Amino acid sequence: MIRDQEMMTAFLDTVTSFVREDLIPSEEEVSDTDAIPEHIVRKMRDIGLFGLTVPEEFGGLGLTMEEESLVMIELCKASPVFRSLIGTTVGIGSQGILMDGTDEQKADWLPRLATGEVIASFALTEPGSGSDAASIRTSAVRDGDDYVINGTKRFITNAPHAGVFTLMARTNPEDKGAGGISAFIVDAKTPGISLGKKDKKMGQRGAHTCDVIFEDCRVPASNIIGLKEGRGFKTAMKVLDKGRIHIGAVCVGVAERMLEDALNYAIERKQFGQRIADFQLVQAMLADSKAEIYAAKCMILDAARRRDNGEEISTEAACCKMFASEMCGRVADRAVQIFGGAGYMSEYGIERLYRDVRLFRIYEGTTQIQQIVIARNMVRAATA
């Protein structure tokens, strides 16, 4: 669903210019310093990138899922590190508030998220709870008008920069499954919150994750999303369904960038007196990559349009995340192969992207979790 094609085209042109003129030239600096320059963060705010999915009534752009996907494809032709800075605010950090929050909660937080004044993080994963998200142990015990929260969250994206956490915690210790989990809006300045050291990761330097520790952290009961206990896991799953289409679009954007770099190198590089782009085995890698990117893009836009039409897209979202992330890994591997020895050297940049994209097959639901979701949904539909 594209609401105004002319305005959308103009916005995509702005993003494309930003990628070419600001982001790509800064990639090496960001990798070397492990930090995104402040002037780039300011420009992200000015363009409106933090408010892509916040409704216009709260100061955002209110993009549809199709529009959001197209923007992500363009933005991620630069290093995915830049997208990561806005990703938790645009996606999993804010969408729980938008989908299930009260009018007061939305009015309080969404305008600040839209401008980038506040960065949101999504605190679900724990040291002993990754793919098995329903087994979280962080506790939230009612005490008068507050809940007292204790526990540790792990690998929390943008936690060092967060102004607010969408936190999943267990409010009913008797219910060991998903029904005992509630979602909270937690101001990052709340006493009792501390951060672990920044994680050293395989890739995506400049995008920061760390542990978030809650020790007797008192959060008002009015901060439960929707003011209802026991709905947190459902909120998280709704948020993740949308996020899986988003990540699929991210994968397409990075894959298009890697293929473009590999193609240009193959045209310039000569061996045996001719361009390596003229060798059929190199052409096969280029062609396979092009076809897989096209297939992934078609899947994502189809799923996005279905979501915009109000259809249930749990299976389609999982298909997008699974196929696009695996596709991106294959394109990255082929790109390094086309570059040959140069692809193993940091100065060409392709090895950095190769490391960056490996995460896509893991976070927001591993490939194996997507397979389980898809198959279970198929069986459920067939036996209904």
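Helix α10 buries I350, E351, R352, L353, D356 and V357. These belong to a predicted model. The helix spans residues 350-357 and is mostly covered, with six of its eight residues buried. What do the buried residues of α10 pack against? They pack against four helices: α1 (5-33), α4 (80-90), α7 and α9 (314-339). Helix α7 covers residues 232-268.

Take α4 next. Eleven of its eleven residues are buried, so α4 is largely enclosed by the rest of the structure. The buried set includes P80, V81, F82 and R83. It also includes S84, L85, I86 and G87. T88, T89 and V90 are buried in α4 too.

Now step back to the chain. It holds eleven helices and nine strands. A domain assignment divides it into domain 1 (5-115), domain 2 (120-230) and domain 3 (233-383). Domain 1 and domain 3 meet: 25 residues of domain 1 are in contact with 29 residues of domain 3. The C-alpha centres of these two domains lie 21 Å apart.

Along the principal axes, the C-alpha atoms fill a box of roughly 80 × 55 × 45 Å. Of the 384 residues, 55% count as buried.

The surface comes next. The accessible surface of the chain is about 17200 Å². Carbon and sulfur atoms account for 52% of that area. As for charge, the chain has 46 positive and 55 negative side chains. The centres of the two sets lie 4 Å apart.

Is I225 buried or exposed? I225 counts as buried, because its relative accessibility is 4%, under the 20% cut-off. Apart from residues up to four places away in sequence, I225 touches G96, I97, D100, G101 and Q105, among others. Its partners also include T166, A183, F184 and I185. I225 and M99 are 126 residues apart along the chain, yet their C-alpha atoms are separated by 9.3 Å.

E229 lies in the loop between β7 and α7 as well. What makes E229 count as partly exposed? The reason is its relative accessibility of 44%, which falls between the 20% and 50% limits. Leaving aside neighbours within four places in sequence, E229 is in contact with Y147, T171, S182 and I224. R170 is 59 residues from E229 in sequence, and their C-alpha atoms are 9.2 Å apart.

L195 counts as partly exposed because its relative accessibility is 41%. Which residues does L195 contact, beyond its neighbours within four places in sequence? They are A159, P160, F165, C210, D211, V212 and I213. For one of these, C210, the C-alpha separation from L195 is 6.8 Å, across 15 residues of sequence.

Two loop residues have a backbone angle to look at. N158 is in the loop between β3 (146-157) and β4 (164-170). Its phi is near 65°, a positive value in a residue other than glycine. N158 counts as buried because its relative accessibility is 2%. Q204 is buried, with a relative accessible area of 4%.

Technical notes:
Residues numbered from 1 in each chain as written. Predicted model: local features only at pLDDT ≥ 70, side-chain atom pairs only at ≥ 80, totals over all residues. Heavy atoms only, no water. Buried < 20%, exposed > 50% of the residue type's maximum accessible area, 1.4 Å probe, protein only. Areas by Shrake-Rupley, 256 points an atom, 1.4 Å probe, with all protein chains shown as cover. Lys, Arg positive; Asp, Glu negative; His and termini not counted. Charge placed at Lys NZ, Arg CZ, Asp CG, Glu CD. Domains from an automatic or database assignment. Contact = heavy atoms within 4.5 Å.
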